[in-house]
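Please walk me through this structure.

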Amino acid sequence: YQKIWRTAQQIPQGNVATYGQIADLAGLPGRARLVGRALGFIPKEGYQGQPVPWHRIINSQGKISLPQASQGFEKQRTLLQEEQVVVIGSKIKLKDFLWQPDIMELLFKLEF
């Protein structure tokens, strides 16, 4: 889970990443579901004293995965909108908000 949390911490404010993207960048290709599971176990104090921006992670269709009527959905949508990410219904335009990390920069930041 620590690789996933550390990778998620790199997503800049105002951007989103997909579960699969985080899995790939964390060195866990094909493990998108594991990313979802890891997000449910983030320590309250974050990871290594830093918050893990779970709300910036969405599914590959550009949608918030939580059920629309749920409290978690509302919280995620609100947090994204506070970062100027446009959410229409449950959808975010990936072409406008998808995180496109510089791989060399990531290699130095993540230090697995």
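Which residues are buried in α3? They are Leu-34, Val-35, Ala-38 and Leu-39. Buried means under 20% relative accessible area, exposed means over 50%, and partly exposed lies in between (1.4 Å probe, protein chains only). Helices (H or I, at least four residues) and strands (E, at least two) are DSSP runs, numbered from the N terminus.

A word on the source comes next. This is a predicted model, in which local features need pLDDT of at least 70 and side-chain atom pairs count only at pLDDT 80 or more, while totals for chains, interfaces and linings use all residues. Residues are numbered from 1 along each chain as its sequence is written, and side-chain values use heavy atoms, with hydrogens and water left out.

Now the aromatic rings. How many aromatic pairs does the whole structure hold? A search finds three. Rings of Phe, Tyr and Trp (its six-membered ring) pair if their centres lie within 6.5 Å; planes under 30 degrees apart count as stacked, over 60 as edge-to-face and the rest as tilted. Tyr-1 and Trp-5 have ring centres 6.0 Å apart and planes at 55 degrees, so this pair is tilted. Tyr-1 is partly exposed, at 38% relative accessible area. Trp-5 is buried, at 8%. Tyr-1 also pairs with Phe-41, and here the rings are stacked: 5.7 Å centre to centre, 25 degrees between the planes. This second pair links distant parts of the chain. Tyr-1 sits in the segment before α1 (2–8), and Phe-41 in the loop between α3 (32–39) and β2 (57–58), 40 residues apart. Phe-41 is exposed, with a relative accessible area of 53%. Together, Tyr-1, Trp-5, Phe-41 and Tyr-47 form one aromatic cluster.

Charged side chains come next. Side chains of opposite charge can pair when their charged atoms come close. Two salt bridges are present here. A salt bridge is a side-chain nitrogen of Lys or Arg within 4 Å of a carboxyl oxygen of Asp or Glu. Arg-56 and Glu-83 form one of them, at 2.8 Å from N to O. Arg-56 lies in the loop between α3 and β2 and Glu-83 in the loop between α4 and α5 (94–97), so the pair ties together parts that are 27 residues apart in sequence. Arg-56 is buried at 10% relative accessible area, and Glu-83 is buried at 11%.

Glu-74 and Arg-77 form a salt bridge too, with the closest N and O atoms 2.6 Å apart. Both residues lie in helix α4, three residues apart, about one turn of the helix. Glu-74 is partly exposed at 32%, and Arg-77 is partly exposed at 24%.

Stay in α4 for one more residue. Is Gln-76 buried or exposed? Gln-76 is buried, with a relative accessible area of 2%. The helix that holds it spans residues 71–82. Leaving aside neighbours within four places in sequence, Gln-76 is in contact (heavy atoms within 4.5 Å) with Trp-54, His-55, Ile-57, Ile-58, Ile-64 and Leu-66.

Most residues other than glycine have a negative phi. Gln-48, in the loop between α3 and β2, has a positive phi near 55 degrees. Gln-48 is exposed at 63% relative accessible area. Gln-84 has a positive phi of about 70 degrees although it is not a glycine. Gln-84 lies in the loop between α4 and α5 and is exposed at 61%.

The last stop is helix α6 (residues 103–110), where Leu-107 has its place. Leu-107 counts as exposed, at 55% relative accessibility.
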